[in-house]
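Thanks, everyone, for making the time this morning.

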Amino acid sequence: MDRLTGTTAGRAPDRSWPRSLTRVPYWVFQDEAVYRAEQDRIFHGPHWSYLCLEAEFAEPGDFCATFIGEQPVLVTRDVDGEVYAFENRCAHRGALIAMADHGKARDFTCVYHAWTYNLQGDLTAVAFAEGVGGKGGMPPNFCLSDHGPRKLRIAVVHGLVFGTLSNDLPDIEEYLGEEILDRIDRVLGGRKPVVLGRFAQRLPNNWKLYAENVRDSYHASILHLFFTTFGINRLSQRGAIIVDESGGHHVSYSAIDRTAVASNEYRDQKIRSDSEYQLADPSLLEGFSEVGDDVTLQILSVYPGFVLQQIQNSVAVRQILPRGTDDTLLNWTYLGFESDTEEQRLVRMKQSNLVGPAGYVSMEDGGIGGFVQRGIAGASDEYATLQMGGDTAESSESRVTEASVRGFWLAYRESMGFVPDDDAPLPEIGKHERTRVVRA
Amino acid sequence: MDNQVAIARAQAHYARCIDDGPLEDWPMFFTENCHYRVTTADNYARGLPAGLIWADTRGMLKDRVSALKEANIYEPHVYRHMLGQPAILTESGGDVESETPFFVLRVTGGGPTDLFASGRYVDRYRVEGDQALLRERVVVCDSKEIDTLLALPL
């Protein structure tokens with residue numbers, strides 16, 4: 001903690017934000033200054049960011065390279081068995097300390113000038129510190145312990161490693177709250193995850209469009225036909241949305257409910273997602289009760305950029321990393337558990353088809369953010385409308401609501417320091433003055 | 001016909017089927033009980049079993065095609081596969097293991113021609129007469145990153 005100097009939050013960009021949570025200004029997905037401020041105020045600010053899984057660096061000396069926002073980070077397990085994390089940036093000239101994604105190391109030596117760090121991120125040696133033949137070298141008052149990458153505060157929740165560069169935030173349990181913790185515990189508690197595969201997806205859109213999409217239970221069974229047709233997730237199924245007090249974290253879940261599959265809500269809407277579509281090999285959807293309850297879908301998000309998913313028996317974590325105003329890296333880690341039988345592992349392999357960049361129920365999410373990013377070009381003074389299910393960010397039994405999306409924006413404007421502005425547009429629709437173009 | 005020629009012929013038709021259609025014929029390049037998986041070089045080297053696409057029957061491959069035609073939403077795009085020569089690794093009668101490097105260009109909407117993926121096919125073929133069918137194809141992509149989404153198979 002010695003070099004953890006707290007949040008580096010800069011000024012919030014000079015923008016007004018509507019007081020109502022039902023309106024989201026499009027400039028928030030476009031403005032370069034907003035993007036820069038997010039790095040300081042959110043990712044380097046008082047928030048816990050997901051870094052990696054403990055299962056990815058189980059043994060002493062194992063390390064994992066990851067990110068907090070754009071900033072590269074190394075997470076290590078030292079010989080004392082403890083977890084450490086520090087910025088993956090040499091204190092000398094800023095080069096990466098380690099270049100591999102994963103590996104085993106006794107210490108890290110920067111390739112540029114061979115400055116060496118131990119597994120806790122302390123600078124332990126500087127090449128030619130004494131000079132050569134009594135000439136050159138570092139000044140006599142140079143002290144190794146004064147130099148080193150910034151260290152992160154670390155918290156581990158059921159094998160999920162979170163980190164922060166700030167001291168100005170509560171511990172992870174308080175940050176998440178009881179309901180979110182319970183729902184993480186439901187999937188990961190009491191069993192050891194095993195990594196089955198890692199994939200990355202490059203999204204042509206702002207990171208917040210994906211953060212919204214994950215919290216948007218309204219779209220899930222409309223955009224994704226697979227969910228609806230096979231009764232994996234219908235809005236009419238038994239389930240609920242949990243939005244935590246900050247608004248930033250959420251859980252959407254649904255459970256087996258045979259009566260809902262036969263209901264007519266979707267046919268009555270005459271939307272595309274009610275079809276006669278059948279699988280040639282239905283073994284894809286033959287699963288088992290994941291943790292002994294009826295919940296077949298649970299999507300959980302932690303502000304700012306973490307997602308834990310259970311879709312049938314496809315369990316995965318997702319890490320949302322901003323890479324530019326219209327560029328996002330989405331890291332997927334597919335999980336099984338040590339206790340899986342061979343048959344259960346096979347089910348997980350088959351159901352991995354549901355998610356990821358090629359997923360039957362998630363490939364659309366890769367494209368849709370780009371459709372929005374392109375759609376709002378030239379509309380930076382316009383607003384998105386989030387009125388489904390009211391105007392609050394509260395938990396509800398209905399999933400025909402945008403409550404958790406509004407919750408994200410509640411947490412976002414708070415963390416960005418945007419002051420709600422009564423003069424900014426209210427959620428009345430259709431009151432735009434339109435300019436009629438008259439052809440000559 | 002020797003195995004090299006049979007496999008090269010099958011692969012040329014495989015690429016043409018995806019790029020120029022009909023995509024419905026794509027599962028017929030595989031045996032009924034087959035394995036098809038799209039993964040990354042990193043996962044492959046580490047022995048991690050999951051796939052971006054993972055199938056162990058021809059039926060699952062048919063489902064992939066029908067889902068793309070009937071269920072999934074994505075911006076229309078086309079591929080152009082460029083395949084290298086298959087390197088025959090082992091031959092035991094009609095059972096042949098081979099590897100073939102590839103790259104795939106993608107044109108989305110009216111946009112530019114982009115390099116979408118490069119990698120290698122790690123294959124096990126069953127060759128009977130002049131017909132070579134895939135018993136197993138692991139598509140090992142060099143990069144771990146997929147741009148936007150992977151809809152059409154590789």
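Predicted model: local features only at pLDDT ≥ 70, side-chain atom pairs only at ≥ 80, totals over all residues.

Three strands of chain A form an open sheet in the order β8-β9-β10, and their pairing is antiparallel.

Staying with chain A for a moment, I would like to point out Ser49(A), which sits in strand β3 of that chain, residues 49-53. Is Ser49(A) buried or exposed? Its relative accessible area is 6%, and because the cut-off for burial is under 20%, Ser49(A) counts as buried. Setting aside neighbours within four places in sequence, the residues in contact with Ser49(A) are Phe43(A), Ile68(A), Val161(A), Phe162(A), Gly163(A) and Pro304(A).

The next element takes us from one chain to the other. In helix α9 of chain A, residues 342-351, the buried residues are Val347(A), Arg348(A), Met349(A), Lys350(A) and Gln351(A). These buried residues pack against β13 (193-203), β17 (306-311), β18 (314-324) and β19 (327-337) of chain A, and also against β2 (53-55) and α3 (58-70) of chain B.

That brings me to chain B as a whole. Chain B contains three helices and eight strands, and, read from the N terminus, its elements follow the order α-β-α-β-α-β-β-β-β-β-β. The C-alpha trace of chain B spans about 45 × 35 × 25 Å along its principal axes, and 51% of its 154 residues are buried. Of the contacts in chain B between residues at least 6 apart in sequence, 58% link residues at least 24 apart. As for charge, chain B carries 16 positive and 23 negative side chains, with the centres of the two sets 1 Å apart.

Strand β7(B) is mostly covered, with eight of its eleven residues buried. Strand β1 of chain B, residues 30-40, runs parallel to β7(B) and is joined to it by seven bridges, with Phe30(B) bridged to Leu134(B). Strand β6 of chain B, residues 113-128, by contrast runs antiparallel to β7(B), through ten bridges, and here Gly119(B) has Cys141(B) as its partner. The hairpin of β6(B) and β7(B) has two residues between its strands, and in it Gly129(B) takes a positive phi near 60 degrees.

I will finish with Leu83(B), which belongs to strand β3 of chain B, residues 77-83. Leu83(B) is partly exposed, at a relative accessible area of 27%. Which residues does Leu83(B) touch, not counting those up to four places away in sequence? They are Gln11(B), Ala15(B), Thr100(B), Pro101(B), Phe102(B) and Tyr121(B). Leu83(B) and Ala8(B) are 75 residues apart along the chain, and their C-alpha atoms are separated by 9.3 Å.

Technical notes. Residues numbered from 1 in each chain as written. Chains lettered and ligands numbered in written order. Heavy atoms only, no water. Helix = DSSP H or I, 4+ residues; strand = E, 2+ residues; numbered from the N terminus. Buried < 20%, exposed > 50% of the residue type's maximum accessible area, 1.4 Å probe, protein only. Contact = heavy atoms within 4.5 Å. Lys, Arg positive; Asp, Glu negative; His and termini not counted. Charge placed at Lys NZ, Arg CZ, Asp CG, Glu CD. Pairing = 2+ DSSP bridges.
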